[in-house]
Amino acid sequence: ASCTLNGTRVKGTIKVESGARLLARGVRVVGNVQGENAARVVVRGRSRVGGSVQVKQGGGALVAGSRVIGDVQYDANERRVRIVNSRVNGDVQIVGNRGGVEVRGNTIDENLQCKENQPPPTGGGNRVGNNKEDQCARL
């Protein structure tokens, strides 16, 4: 299934199930955005997520031009994952992805951590409050 949310307010968590797609533009989410085995998860267009964005063991993912109060975690995805021009109050953790990773133009209050991604992440222009680690040390 596919779900498109435009300017939607969600008082809870959005769960993107196995094989499903989410396109969220200008949304306000009190909880998290979670995708496990999802085909694609996109959060963009000045969206605000009160919790975390977690995309694991799925296809691709994008957080663009948005604000995440918690963390962003991309773990073991098969297609390209990106986080661009966004503000994250917590950590960004990108581990074991196989389709390419882009981390560009973000403000991250805590740590930027990247490990075991093939190919290695690309990007730059990130402002990170604490540490840039491993594969993301130069981004």
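Four salt bridges turn up in a search of the whole structure. The model is a predicted one.

**Salt bridges around Glu102**

- Glu102 and Arg80 form a salt bridge, with 2.9 Å between the closest N and O atoms. This pair links distant parts of the chain, 22 residues apart: Glu102 lies in strand 16 (residues 101-104), and Arg80 lies in the loop between strand 12 (72-75) and strand 13 (81-84).
- A salt bridge also joins Arg82 to Glu102, the closest N and O atoms being 2.8 Å apart. Here too distant parts of the chain are linked, with Arg82 in strand 13 and Glu102 in strand 16, 20 residues apart.
- Arg104 is another partner of Glu102 in a salt bridge, and the closest N and O atoms of that pair are 2.8 Å apart.
- Through shared partners, the salt bridges join Arg80, Arg82, Glu102 and Arg104 into one network.
- In general, side chains of opposite charge can pair when their charged atoms come close.

**Exposure of the network residues**

- Is Glu102 buried or exposed? Glu102 has a relative accessible area of 10%, so it counts as buried, the cut-off being under 20%.
- Arg82, with a relative accessible area of 28%, is partly exposed.
- Arg104 is likewise partly exposed, at 38% relative accessibility.

**Strands and their pairing**

- The protein has 21 strands and zero helices.
- Strand 12 pairs with strand 9 (residues 53-56) in the parallel sense, over four bridges. Within this pairing, Val55 has Tyr74 of strand 12 as its bridge partner.
- Strand 12 also runs parallel to strand 15 (residues 92-95), and four bridges join the two. Asp75 stands opposite Val95 of strand 15.
- As a general point, side chains in a regular strand alternate between the two faces of the sheet.

**Nonpolar core**

- The largest nonpolar core contains 34 residues. Val33, Tyr74, Ile83 and Ile94 are the residues with the most contacts inside this core.
- Which residues does Tyr74 touch, not counting residues up to four places away in sequence? They are Val55, Ala61, Leu62, Val63, Val81, Arg82, Ile83, Gln93, Ile94, Val95 and Asn97.

**Overall shape and surface**

- The radius of gyration is 13 Å, which agrees with a compact globule, because a globule of 139 residues would have a value near 14 Å.
- The C-alpha trace spans about 35 × 25 × 20 Å along its principal axes.
- Buried residues make up 48% of the 139 residues.
- Among contacts with a separation of 6 or more, 2% are between residues 24 or more positions apart.
- The accessible surface is about 6,600 Å², and carbon and sulfur atoms account for 40% of this area.

Methods:
Residues numbered from 1 in each chain as written. Predicted model: local features only at pLDDT ≥ 70, side-chain atom pairs only at ≥ 80, totals over all residues. Heavy atoms only, no water. Core = buried A, V, L, I, M, F, W, Y, C linked by side-chain atoms within 4.5 Å. Buried < 20%, exposed > 50% of the residue type's maximum accessible area, 1.4 Å probe, protein only. Contact = heavy atoms within 4.5 Å. Salt bridge = Lys/Arg side-chain N within 4 Å of Asp/Glu carboxyl O. Rg over C-alpha atoms; globule rule 2.2 N^0.38 Å. Areas by Shrake-Rupley, 256 points an atom, 1.4 Å probe, with all protein chains shown as cover. Pairing = 2+ DSSP bridges.
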